[in-house]
Amino acid sequence: MQRYLFSQQFNYSSLAENSTACPANATICDGTSCVSSEDNFNETLSVVLSTVLTILLALVMFSMGCNVEIKNFLGHIKRPWGIFVGFLCQFGIMPLTAFLLSLAFNILPIQAVVVLIMGCCPGGTASNIIAYWVDGDMDLSISMTTCSTLLAMGMMPLCLFIYTKMWTDSDAIVLPYDSIGTSLVALVVPVSFGIFVNHKWPDKAKVILKIGSIVGGILIVVTAVVGGILYKGSWIISPKLWIIGTIFPAAGYSLGFLLARIAGLSWHRCRTVSLETGMQNTQLCSTIVQLSFTPEQLELMFTFPLIYSIFQLVFALLILGGYRLYRRRHVKTKTDVEKTEQKEDSVSNAKINGGFVSSETK
């Protein structure tokens with residue numbers, strides 16, 4: 001979690017004459033702008049919430065696994081065209097987009113680096129939850145998240161080496177391989193249990209899936225709100241980063257969908273690839289940033305991962321709302337199909353038998 005609260009302004013008139021403009025626990029002072037360490041309450045609250053959210057996320061991923069069939073999942077692994085398209089989006093489109101946005105907005109080198117770190121991160125688990133709600137291919141979604149997290153151990157250093165040369169030495173960026181490994185385990189283990197439950201008890205799996213999908217949706221919103229509250233002192237950063245944080249996830253969703261469609265994937269898989277591309281593992285990005293930079297540097301760009309996570313959620317909800325509206329207006333539900341088939345069968349039988357058609361089927 002964040003170790004510093006930035007740019008806290010203090011009123012000279014409220015301080016005693018012999019006191020300084022900054023509090024005693026401030027680590028960096030520049031006039032009335034200070035960087036101070038978190039208080040114990042915030043630190044304790046962060047630990048508690050992190051523990052609770054981690055447990056809830058594991059339960060949600062368990063429920064998502066209840067929608068995965070072993071045969072289909074292994075099919076994606078054996079014929080990984082969809083995974084390969086997702087790989088191109090994740091470690092091709094996103095880092096390149098981050099690089100171009102950094103150049104276009106001419107941001108500071110240290111800010112460009114954090115944008116690139118975000119672009120090089122693997123997909124986040126939130127994409128699996130949204131993919132379920134937009135009728136995506138859950139087998140593909142989970143296999144893509146798993147593979148991108150695994151491949152991130154090699155692809156992140158490579159991408160950062162290629163794209164950060166003009167701004168900083170890539171050796172200065174610390175990649176927390178333990179955090180990546182933890183994310184992988186936290187994804188694979190609960191999903192594996194969910195797949196097993198779906199294989200053994202498919203009826204119970206459906207109930208677990210419905211509950212988990214609702215809890216997952218709530219969890220995504222709560223995580224964004226909690227982040228905003230805990231880091232409320234970090235919102236004073238460059239307007240350019242706000243703009244990039246808005247454009248970047250939207251570009252990821254759009255370009256991911258476009259490339260998947262060009263690659264010939266079906267519509268529901270295009271939606272899946274789109275979400276996997278735009279929704280990044282922002283927690284991993286925050287961890288890398290904290291490990292790699294000094295407090296002075298953090299003041300310029302630490303909030304960017306949080307900004308990105310908020311706007312990736314906003315656009316994901318817009319995609320979900322648009323899809324649900326389209327489905328309600330243009331796609332027949334299962335009940336509608338059954339009624340139509342029943343009506344057609346009744347009319348057909350009436351013609352064959354010379355009988356009448358019930359008013360219930362008219």
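Patches are built from residues with over 30% relative accessible area and no salt bridge, with like charges joined within 9 Å and nonpolar side chains (Val, Leu, Ile, Met, Phe, Trp, Tyr) within 5 Å. Accessible areas come from the Shrake-Rupley method with a 1.4 Å probe, and for residues only the protein chains shown count as cover. This is a predicted model, where local features need pLDDT of at least 70 and side-chain atom pairs count only at pLDDT 80 or more, while totals for chains, interfaces and linings use all residues. Residues are numbered from 1 along each chain as its sequence is written, and side-chain values use heavy atoms, with hydrogens and water left out.

View A. Val52, Ile55, Leu56, Leu59, Val207, Ile211 and Val215 make a nonpolar surface patch of about 580 Å². Two or more residues each come from α1 (40–65) and α8 (202–230). Helices are DSSP runs (H or I, at least four residues), and strands are E runs of at least two; they are numbered from the N terminus. Helix α1 gives the largest share, four residues. Ile211 sits in helix α8. Ile211 is exposed, at 52% relative accessible area. Exposed means over 50%, buried under 20%, and partly exposed in between (1.4 Å probe, protein chains only).

View B. Helix α2 covers residues 70–78, and its buried residues are Phe73, Gly75 and His76. Seen down the helix axis, these buried residues fall within an arc of 155°, so they line one face of α2. The arc is that of the directions from the helix axis to the C-beta atoms. On the other side of α2, Lys71 and Lys78 are exposed. The cover over the buried residues includes α3 (81–105), α6 (138–163) and α10 (267–278). Contact here means heavy atoms within 4.5 Å.

**View C. Asp135 meets Arg327.** The structure holds two salt bridges. A salt bridge is a side-chain nitrogen of Lys or Arg within 4 Å of a carboxyl oxygen of Asp or Glu. In the Asp135–Arg327 bridge, the closest N and O atoms are 3.1 Å apart. Asp135 lies in the loop between α5 (126–133) and α6, and Arg327 in helix α13 (residues 304–330), so the pair ties together parts 192 residues apart in sequence. Asp135 is partly exposed, at 27%. Arg327 is partly exposed too, at 30%.

**View D. Arg269 meets Asp137.** These side chains form a salt bridge (2.9 Å, N to O). Arg269 lies in helix α10 and Asp137 in the loop between α5 and α6, so the pair ties together parts 132 residues apart in sequence. Arg269 is partly exposed, with 30% relative accessible area. Asp137 is buried, with 7%.
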